[in-house]
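Me: I want to go through this structure term by term. Please set each value against its cut-off.

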Amino acid sequence: MKPETKYTKSGHVNIAYQVFGTGAIDLVYIPGWISNIDSMWLCPELVNFLEELGKISRVILFDKRGTGLSDRIVAFPTLEERMDDIRAVMDAVGSEKAVLFGHSEGGSVSALFSATYPNRVLSLITFGIFAKRRYSDDYPWAPTDSERQKVYDMIENRWGGGEMNLETLAPSKAQDKQFMDWLASYFRCGASPRAALKLTTMNTEVNIIDILKYIKVPTLIMQRTHDVDVKIEEGKFINQHIENSKFVEFDGADHLFWVGNTQEILEEMKVFIKNIKPNHRYKNRLFTVLFGKMISAIKSEFNFEMIHQCISKHEGSIIHLNKTCFVATFEVPGKAVHCSLDIKKALQDIEASASMGIYMKEGVQNDTEVLNDNDDRIIKSMLSQINPDQILVTQTVKHLLSGAGFDFIKSSSVLDTASHKLFKLYSVTKKIQKHDQNEMTTSGNSSHYDSFLENVLHIIDQYLDSDTFSVEMLSRKMGISERQLQRRIKATTRKSPNQLITSTRLNKAKEALMSYNYTVSEVAFQFGFSSPSYFSKCFKKEFGIQPTSVQQQKPKNKIEDFHFIMS
């Protein structure tokens, strides 16, 4: 019998949830890409699986924001917001700790939640999950950009219909018309085409590789050998990066856990759940550090209480604050970035500035000795790369904030002396709404811009610093011919591909010149121009002024000698 559907608030968003089962522990099911908790109960196979779980646990179902019965939203649901949804539902049903069962895309937020709030997690169980959704040399099993583009096109043109190729998700049910009709209906009830496209675009940016090492809760990773949607190698990769995790490989090709050899999966889950030690407490957790160094231009009458209030507003904890520097910790990186941007604006209002950096670490967040010698080295290394009025974040922070309304520009790299590896740094700013680009599209093809042009711009962003990046390379990355690329970009932007690449680089370069103390030569090479003279020529053609004129409009600030104080 279908349980009663209730609602709770996650911020200002209504989240739909259901609760059933007679077990002694709680289990939160975190579904994949799209869900509808009412429609789940129309599938006998899924109902049977859920009811079996209900015999050993109190099962908590919910639809993440933007899907199913929860509020539909315009913006991307970030991983942080989705963690808030999980906490809101757990709080609403009085669940202090629960098993997290994440399927497919739901595994990403389940993993991040387990690292961030380990004392609210009894154990982490996953099925068919991935660490990232974009191909790279160090993760070659993820889809290429051209493969993702085919998914975008399918959503735009064939959403919820018989041509969605849903058989790849459940090959064992491919000839079961009743099941396949339900699956198509389930997706249609879970999200509109535009919402599905938004979620898919966000999933393309998901990357949790850097946080896997911080997961300490008991973890069971399950995967089928011939899963087409998420490769078996992805499960093995995640298993290798989560300490003491258990990996179980099942025969079959179904990506959906509730079809195929479901009894084997249920038995594995039941045994794992029964061995949980519910009273275990974790001393350490994953959290975010924001640090800042003041600039000498700060007026004597400046009230440092403003920084204190800003940190408190974003739910941070102050570790150190004086007229020279400050350090604060936050539960999640998004709050740290929003706080840093607010501090930056407040300082600009009094013609002052600060150099700020954000990174993530594992430890006791509210301990008086939260920072150690390694933090001292990280902060000093990052400060050596930060200009006045600039905020730098690590690659880990960038990866977790996909779709969060920020722009990231690759800046530099520093050495982590603990791991002896270089980690990339990115300057972060608040995303500027590009109304002029939106106006290039008609209301009838706005979702077309969301997928095709957004993918094009993302690829250009990846190669901003490469002077060898070409239209031929762009077309290869997009998986279409140069002629098709030319036609589609021209129809959407009224620019040729070459013009779009150059214009994107120039706008990013202008933003860097206005925001930071880079020289014209540094900016030219940073954004893929072969020489400063050629950059200046293109800049003058695009904006009607020389890049040196933009520099002269920015007030100069001098950074004082800085010795970071831990205590």
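Reply: The chain comes to 20 helices and 15 strands. Helices (H or I, at least four residues) and strands (E, at least two) are DSSP runs, numbered from the N terminus. This is a predicted model: local features need pLDDT of at least 70, side-chain atom pairs count only at pLDDT 80 or more, and totals for chains, interfaces and linings use all residues. Residues are numbered from 1 along each chain as its sequence is written, and side-chain values use heavy atoms, with hydrogens and water left out.

Me: How do you know that Cys-310 is in no disulfide?

Reply: The structure holds zero disulfides. For Cys-310, the nearest cysteine sulfur is that of Cys-339, 3.8 Å away.

Me: Is Cys-310 called buried or exposed, and why?

Reply: Buried means under 20% relative accessible area, exposed over 50%, partly exposed in between (1.4 Å probe, protein chains only). Cys-310 has 7%, so it counts as buried. Cys-189 has 33%, so that residue is partly exposed. Buried residues make up 57% of the 567 residues in the chain.

Me: What makes Arg-58 and Asp-26 a salt bridge?

Reply: A salt bridge is a side-chain nitrogen of Lys or Arg within 4 Å of a carboxyl oxygen of Asp or Glu. Here the N to O distance is 2.8 Å, so the pair qualifies. Arg-58 lies in strand β4 and Asp-26 in strand β3, 32 residues apart. Arg-58 is partly exposed at 23%, while Asp-26 is buried at 11%.

Me: Why are both Arg-65 and Asp-85 called buried?

Reply: Arg-65 has 6% relative accessibility and Asp-85 has 0%. Both values fall under 20%, so both residues are buried. Their side chains meet in a salt bridge (2.8 Å, N to O).

Me: Why does the Lys-335 and Glu-315 pair tie together separate parts of the chain?

Reply: Lys-335 lies in helix α10 and Glu-315 in the loop between α9 and β10, so the pair joins parts 20 residues apart in sequence. The closest N and O atoms are 2.4 Å apart. Lys-335 is buried at 19%, but Glu-315 is exposed at 52%.

Me: What makes a set of residues a nonpolar core?

Reply: The members are buried Ala, Val, Leu, Ile, Met, Phe, Trp, Tyr and Cys residues joined through side-chain atoms within 4.5 Å. The largest such core has 74 residues. Ile-208, Ile-211, Ile-215 and Val-337 touch the most other members. Helix α10 gives the largest share, six residues.

Note on methods
A disulfide is a pair of cysteine sulfur atoms within 2.5 Å.
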